[in-house]
Amino acid sequence: MKHLFQIIPIAGLLVLICACNQAAPSGADSAAATPAATVGQSGVKDDVSQQNVLQIAMGSKDHTTLVAAVKAAGLVDVLVNAGPFTVFAPTDAAFAKLPKETLDNLMKPENKAALSNILEYHVYVGVIKKEQMRDGQKLNQVNLKNVVVAVKDGDVLLNGSAHIVASVPASNGIIHVVDEVLLPPEK
Amino acid sequence: MKKLVLFSIGLLFIFVALWQCKTKSAASAGSEDAAQKAYVAPGTYDEFYNFVSGGFNGQISVYGLPSGRLIKIIPAFSVFPENGYGFSEETKAMLNTSHGWLPWDDQHHISLSMTNGEQDGRWMFGNANNTPRIARVDLTTFRTMEILEIPNSAGNHSSPFLTQNTEYVVAGTRFSIPLGEKQDVSIESYKDNFNGTLSFVSVNPESGRLKLAFQVLMPGMDFDLARGGKGPSADWFFFSCYNSERANSLLEVNASQNDKDFIIAVNWKKAEEYARAGKGVKRKARYAHNIYDEKTHTATTTWEDETLVLDPAELKDFVYLMPCPKSPHGCDVDPTGKFIAASGKLAAVIPVFSFDKMLKAIADRNYDGDYQGLPVLKYDAVLHGEVQKPGLGPLHTEFDANGNAYTSMFVSSEIVKWNVQSLQVLDRVPTYYSIGHLCVPGGDTRKPWGKYVIAYNKITKDRFLPTGPELTQSAQLYDISGDKMKLILDFPTIGEPHYANAIPADQIKSKSVKIYKLEENNHPYVAKGEGQAKVVRAGNKIHVYMTAIRSHLTPDNIEGVRMGDEVYFHVTNLEQDWDVPHGFTIKGSTNAEILVMPGETQTLVWKPDQVGVIPFYCSDFCSALHQEMQGYIRISPAGSNVPLRFWSGDAPQVQ
């Protein structure tokens, strides 16, 4: 009897775990009559492939704000897409240059569209390496607004002020780390 | 007491666990009846045929919906060893082109023939994207009956879309190329020397026979997709283009510089009038026209030598450009024929053009200048409106019968449903992963059947059991009968599907041919009975008039063949019984098998490579004595005087 009292809670836990497993997001492991409640491509388990732009950003200690913003804007699955993407990735220090209030506001659920607009302004569909950038070149970003490139003495400047401080190739494109947040022109 | 608490906690866990199970299935409500909705009971038929382009396999595959069961592969532009297409003497000519005999192509889009803008279930057309061609498939036999090469073209991508009565099937070139007298020019001279063409191929209303009627000469850029108008816009055809920058290198960057490319509106009725009035310029061009004759069971190639080219910059008033944001891909006309949805694949909006406004802008000459001599209509003057923030990477749009549109979004990997009139987004569902084309049954016609939308995805990753680096392609079936789209089935597809169509099974299944009539077989080497089976020497060619019937080949013993001979096995299947094909192959064959349908004759050529007795057999399990359906051919040294003899059963006396 004593044992039974000990077993029941454990059995209960086991049942709970099993039940949770069945409902797990990746649910593709087992046959079922109803579709598994799958997440998007970001849920694909793969430790072998080269890292994509999202994984690189998530692994960077300097891009916690950017990653939080990407999650808040619901762009996680987009950034693991085949792309290819050129992502201008502002550092945490770059985000810190914005007024705190502005940033806090953008992260609110009701401002998801505005946040997406800003993030999409940081993404170009296509791979453009730093050395391929030309002075005066306009990059039409995912949100349909242009980023203007200036090249002076080998240094690349975006919209007249943001510097590319590092570039990291990814499986689905390239990340250019920038020291300023790019703000889309109003019109 | 402590024990009791533990016990209670345990029970509570179990209760919570069971309750969670219940709420979990409730949480996926809508899809819980998925199995039932996609289930087609054993022995019953699917509701729709789904014709799916095969992409890089060069074939077209046929699935049943809603089950997703693969029921047929139709070879069109690639050889198919499974049934001998491209290997048998009869089918080799189907793959002739001006570049020689080609075993492979890239098959992107299909169209089902229409009458008055509605599916009529007669033919299917397919494009070859690499070496420009159009194929016509007969939907009574599910066989490729005709392939026409398209000259002055390179990469036949915006094809094989149709006018609403199948008067024309179009072929817009993806690559522009030098089309002048001088072909050996610098690639850097793209802007001066390169042109594109939009070809209009007429379809004979009775026979379906194709003829290149005229080609519209266009400025050098890339032409992408197309759709015929419908109803009020039936006289027009709409093409999307990209690379209006006219770049010739690194298009990934250089073809995305302009804010807008174009949707090109072509008044094909007017072009047809010009062509009939002899206004075009005839140009020399050599291109193959391959036709399969169902009575001789044989394809032949006719070489065409001329095309008629219409220059819209000179012959005015039949080509107009509508500006469209960012490298448009799909260019889809809604069932009313009044609206054209263009998907700028790099754009964050879906512009929808109004046909009425376009006509008015043309009448008012409301131009925004010209592009290479062609009038550009003002964007605002032709725009019905833009679907705002529909998702990322819009590619293609299909329609239902209730005024709604379904657009595939590659980058955000979803299907977005929106209303054509209000342009409001109504619903969105994720696809797994990165959808390319999509299909609503009849969704490209004046009469969509609705009911389902199918996503043909470009990325599979973890959707099925892993099979090494190379994976099948993933498709998803969604029920669209309600307000919300509901995922009901994943199914694998072969090749790489691009566009697909679906048609109610009732429009096709009753017309499906079961056998070829033996008495109508006009093959020059047919043997309509075992009494006609024979072996004839013509120089070093040996013609074997062979018959196949359960369960023997006639003749099944052949002698008097020598090294250096070429043996033609003309096998006639004498069966007149549904689904009793016979196959034929021989040891050391450098060819595929031939698969011979009842009443049909097909030919396998074989060149002996060694002296000896070589076995042959039926390669399709046909009967209880299939394994007995075999024979021998004796190969003697060159110059041997072994007499030519053949038999089945008792051997004839040596003369």
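**A buried lysine, then the rest**

Let me start with B:Lys230. Leaving aside neighbours within four places in sequence, B:Lys230 is in contact with B:Gln164, B:Val333, B:Asp334, B:Pro335, B:Thr336, B:Gly337, B:Asp444, B:Thr445 and B:Arg446; contact means heavy atoms within 4.5 Å. B:Lys230 sits in the loop between strand 15 (222-228) and strand 16 (236-242) of chain B. Helices (H or I, at least four residues) and strands (E, at least two) are DSSP runs, numbered from the N terminus. Is B:Lys230 buried or exposed? B:Lys230 counts as buried because its relative accessibility is 4%, where buried is under 20% relative accessible area, exposed is over 50% and partly exposed is in between, with a 1.4 Å probe and protein chains only. Between the C-alpha atoms of B:Lys230 and B:Glu47 there are 26 Å, and the two residues are 183 residues apart along the chain.

A word on the source. This is a predicted model, in which local features need pLDDT of at least 70 and side-chain atom pairs count only at pLDDT 80 or more, while totals for chains, interfaces and linings use all residues. Residues are numbered from 1 along each chain as its sequence is written, chains are lettered from A and ligands numbered from 1 in the order in which they are written, and side-chain values use heavy atoms, with hydrogens and water left out.

Now chain A. Its secondary structure comes to 6 helices and 7 strands, in the order α-α-α-β-α-α-α-β-β-β-β-β-β from the N terminus on. Of the 187 residues in chain A, 42% are buried. Among contacts in chain A with a separation of 6 or more, 62% are between residues 24 or more positions apart.

How confident is the predictor? pLDDT is its confidence in each residue, from 0 to 100, and chain A averages 85, with 79% of the residues scoring at least 70. Among the elements of chain A, the lowest mean pLDDT is 45, in helix 1 (residues 2-22), and the highest is 98, in strand 7. Over residues 7-29 of chain A pLDDT stays under 50, and for that stretch the model has 26 contacts beyond four places in sequence.

Next, the core. A nonpolar core is a set of buried Ala, Val, Leu, Ile, Met, Phe, Trp, Tyr and Cys residues joined through side-chain atoms within 4.5 Å. The largest one has 34 residues, and A:Phe85, A:Val87 and A:Leu119 have the most contacts inside it. Elements of chain A that each supply at least two residues of this core include helix 3 (64-72), strand 1 (85-90) and helix 6 (112-120). Beyond four places in sequence, the contacts of A:Phe85 include A:Val53, A:Leu79, A:Val123 and A:Ile174, and also B:Val411 from the other chain letter.

Helix 3 of chain A has A:Thr65, A:Leu66, A:Val67, A:Ala69 and A:Val70 buried. What covers these residues includes helix 2, strand 1, helix 4, helix 5 and helix 6 of chain A. After helix 3 of chain A comes A:Gly74, with a positive phi near 70 degrees.

On a 1 Å grid over the protein atoms alone, a cavity is a set of points where a 1.4 Å probe fits but cannot get out, and a pocket is an open set with protein on both sides within 12 Å along at least five of seven lines; lining residues have an atom within 4 Å of a point. Grid points are joined across faces, edges and corners, and a volume is the space filled by probe spheres set on the points.

The whole structure has 7 cavities of 30 Å³ or more. The largest cavity holds about 200 Å³, and among the residues closest to its centre are A:Val70, A:Val87 and A:Leu119. Strand 1 of chain A gives the most to this lining, with 4 residues.

The largest pocket has a volume of about 1,400 Å³. Of its 41 lining residues, B:Lys72, B:Thr141, B:Phe142, B:Ser512 and B:Val513 are the closest to the centre. Strand 3 of chain B gives the most to the lining of the largest pocket, with 6 residues.

Last, two peptide bonds. The one from B:Arg550 to B:Ser551 is cis, with omega near 0 degrees, and so is the one from B:Thr554 to B:Pro555, with omega near -5 degrees.

Methods:
pLDDT = per-residue confidence, 0-100.
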